[in-house]
Amino acid sequence: MPLIVLRDLTKRYPGGVVALDGLTLDLEPGIIGLVGSNGAGKSTLLKILLGLLEPTSGSVEVMGMDVRGQGIAIRQLVGYMPEVDALPPDVSATDFVSHMAQMSGLPAPAARERTAEVLRHVGLYEERYRAIGGYSTGMRQRVKLAQALVHDPRVLLLDEPTNGLDPAGRDEMLALVRRTGAEFGITVILASHLLGEIERVCDFLVAINGGRLLRAAPLGDFTERTGYLAVEVEEGQELLARALEARGLRVVVNGRTVVVPIADDRPYDQVRDAIAELDLPLVRLEQRRHGLEDLFADPDTLTAGAPR
Amino acid sequence: MTEPLRPTTISVAPTAATGPGGSIYDLGYQSYNGARLGRRAAATALYRYAFREAFGVGRGGRAKIAPLILGGLAILPAILAVVVAALAAQAGAGDALEGRVPVRYETYHGLTVTLLMLFCAAQAPELFGRDQRYGVLPLYFSRALTRTDYAIAKVAGLMSALLVVDLLPQLILFVGRVLVAPDPITGLHQEAPAVPRFVLQCLLTAGLLGGIAGLIAAWTPRRAYATAMIIGASIIPPIVVALVASLNGGDTARIIILLSPGDILDGANAWLFGSRVDNPILASLDIPGPLFIATALAGAVATVALTVRRYRRIVL
Amino acid sequence: MTETALAPTTVTTQTPTIPAVPALAAQHVSRWYGNVVAINDVTFALGPGVTGLLGPNGAGKTTLLHLLAGLLRPSAGEVLVEGETAWQRPAMYRRIGLVPERESVHPYLTGFEFVRLNAQLQGLPDATAAARRAIATVELEDVADRPVGTYSKGMRQRTKLAGALVHDPSVLLLDEPFNGLDPRQRLHMMSLLTTMAEAGTTILFSSHILEEVERLAEAVLVVYAGRLAAAGDFRSIRRLMTDRPHTFLVRSSDDRRLATALLADPTVFGAELGLDLLSVRTSDFAAFTRALPRVARDQGVTLFEVGPTDDSLESVFSYLVRR
């Protein structure tokens, strides 16, 4: 039995906007990335899974429970980290998270213990007793994650968790998300605009567009090898291209990279020998993979984002 | 990045901390297998939290200033009255004093009602506005309670806080008078009839004022606006009533006055204690007492219902 | 977490595209607020093309962009646009466009009205035509007559961009232009900036998303605690960190044989066999990258995959702002 089952899920807002349009999907436990264009219905889907929004039609089951009618039972076992800032400034992280644990139905002593544990896990130490108003963006994001984890949910819903973080902050947040899914055994659904982020953290990807399912598959399926060998040399790209053409290979030069189509293993040695003969510095040699953004590229914008 | 504190081994049997041998304990993520008490527990916890929030507990020193001053001012007359009565009794002047002291059960409502309105104006925006201003509502509504539970727990917290501020001085007065009486049994006899009256009056006051303030604050996330509107809701209706009464005479004023919370509570208080109303307009309108009580109750119920409706319709 | 030492490398900008008079230059620019030094003695020069501005939160990126745009007066030093000082020279403002991070578009104006207002503020002779052109550049024609309040995040970003380039500036500064954009809008914004750069505009944009900077920018400026920590092509920056050995991961037809042969090479000082993977450490990037194909050929080993482990902008950045 899958963890989450969507059948023909439709959400139409008053005013006629259709956020979700006949979405049918089974999700198994894991770390699941959710991507889609703005307004594609990502946030709507998360809110429906939480029972914060009523679906217009179709059915949604989370852990075998129907979101219509069993919302509270579901929400006791689901954690939610919204995209927007959601923290009162004049309360300490400890007090706030422990209050939120009680709001999830934990007894007060358990709420306190879990709060101490979970704040340690997200990396908040001395500052946990100070008012949240003085926290940095990174610390606030950690508190938001802590309140979503404090009741030990089976499913964690994260809406753009790295918003506003700098590279180091993003790294740390993504590592936390990865650990939450991989080590704590909690299913994570991560909604993000940043495909690179999803690639780093998730093992399954759901792409929706205009409220419809674009594709749902293990991440590896999106990044399959392409049958092109990319050879990056520090200098002498043109020389290499000519040498390879002389060996009978078809070649495209793309900036620092020389791209060679490969049908079998023979071009590998031809490339090696050509580089060795020309005494060129070989920086990188690998089979091209599909990128996640291929999902979203219009034919006319594909060239702009072409990898170098 | 903080490295996970993953244990290399986990000892199963407890090991003595002294002596040979040792053990490494698992400090990694622990799953929670304890009780999940569900909706009722969550709502009750929120009610308690709201009650404490109304007094600024858990939010730094400054948040406590307004509730402490207002609460203190509400209790002060009762303490003074008891002290004066005790001194007078010692001096043998107790009977002479009786009836002349302005602090009595039936006058206490008039002494505290303004303080209670200010308490509402200061604290209701904290209880209802903060969660909206700072976007905390999605965190509540994605937990083990419903929007209705949230609204009712918050309103109940505010009403309970008001009840404490309102009832506590009356109880002080009651206990003081019983103790000051020549002997406690007689005192108890004398004072007991007032108890149900002031309890009911305090319940009506807390219910109606809390209901109105909660409703206004729930609709007005901006703190300053909410405070101004709550004060306005207490000041403006009596002025309108006075105007209408002077222009139009009794009938319209009789209806309008039932929209003025201060006048409703004054009327109920007068009827409960069988005393005279100070406000000449209110007195002149000659409205049956039970109508005041019924209106206060209806007002409390209606405002709570509208507050619930507000939270059910907030789009997150 | 807050060790302030910069990586020991200093880097001089050597981008060949810079002409004699750079389009945008900072000369010993500092900016302080009381005792707080936001920007500390920053010197660089940029030519046409796309440059990424990187740094942790609070490093001074926005302050630097505002200094470059002539919105802030440098406390010391000078910002030069095409060789002329920028501060309080209205003529210079005509050559600079700034896309701020914050929402700066009034929701009741239509996109077209907002852009035309910008054109009028710039004193353009034919504001309407200029606004039309800018709207066309960012491909917003279809929605230009709708109020900005009804726009998606991507449309609003493009409206701000149109407002900033309505007067055809030669220098375009953007503060976090990708914030909140979805994948498709990102691709579109990238292609817009690339096209403009190819047409000769000097573009400097700040971003936290290093993958994006890596793909879009030819060069980077890294600021850390108000100082310029590095400038130039990030790969060159990495090569300059000679105190940090390079690790290459290699997949080949015979990892053990290749490892043995490589260890005999003087540029290699470590090799480790993994599962179906060989990891090689070297101190001399240039010599090793030449040696590897030669050694493989001589040993008759086929190379299937070769790549440095820390060659990404991500790792270069983290070395520079070592915390």
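The model is a predicted one, so to speak of local features takes a pLDDT of at least 70 and side-chain atom pairs count only at pLDDT 80 or more, while totals for chains, interfaces and linings use all residues. Residues are numbered from 1 along each chain as its sequence is written, with chains lettered from A and ligands numbered from 1 in the order in which they are written.

Of the 308 residues in chain A, 48% are buried. Here, buried means that 20 or more other C-beta atoms lie within 10 Å of the residue's own, exposed means 12 or fewer, and partly exposed is anything in between, with C-beta atoms placed from the backbone. Contacts are counted when two C-beta atoms, placed from the backbone, lie within 7 Å. Among the contacts in chain A with a separation of 6 or more, 68% join residues 24 or more positions apart.

A:Arg7 counts as partly exposed because it has 14 C-beta neighbours inside 10 Å. Setting aside neighbours within four places in sequence, A:Arg7 touches A:Thr24, A:Gly58 and A:Ser59. A:Ser104, 97 residues away along the chain, has its C-alpha atom 28 Å from that of A:Arg7.

Next come the contacts between chains. Where chain A meets chain C, 36 residues of chain A and 37 residues of chain C take part. On the chain A side, the elements giving two or more residues are α6 (167–182), α7 (195–201), α10 (266–278) and β14 (282–289). The most come from α10(A), with six residues. By class, this side of chain A has 17 nonpolar, eight polar and 11 charged residues; Ala, Val, Leu, Ile, Met, Phe, Trp, Tyr, Cys and Pro count as nonpolar, Asp, Glu, Lys and Arg as charged, and the others, Gly among them, as polar.

The contact between chains B and A takes 36 residues from chain B and 39 residues from chain A. On the chain B side, α1 (38–54) and α5 (137–141) are the elements that give two or more residues. Of these, α1(B) gives the most, with seven residues. The classes on this side are 21 nonpolar, 10 polar and five charged residues.

Chain C has an open sheet of four strands, ordered β2-β1-β4-β5 with antiparallel pairing; strands pair if DSSP finds at least two bridges between them. At the edges are β2 (36–46) and β5 (84–85), each pairing on one side only. Seven bridges join β1 (residues 24–33) of chain C to β2(C), and C:Val29 has C:Val42 as its bridge partner in β2(C).

Elsewhere in chain C, strand β7 (residues 171–175) has five of its five residues buried. Both faces are covered, with C:Val171, C:Leu173 and C:Asp175 on one side and C:Leu172 and C:Leu174 on the other. Strand β6 (residues 96–99) of chain C pairs with β7(C) in the parallel sense over four bridges, and C:Val99 is partnered with C:Leu174. Strand β8 (residues 202–206) of chain C also pairs with β7(C) in the parallel sense, over five bridges; here the bridge partner of C:Leu174 is C:Phe205.
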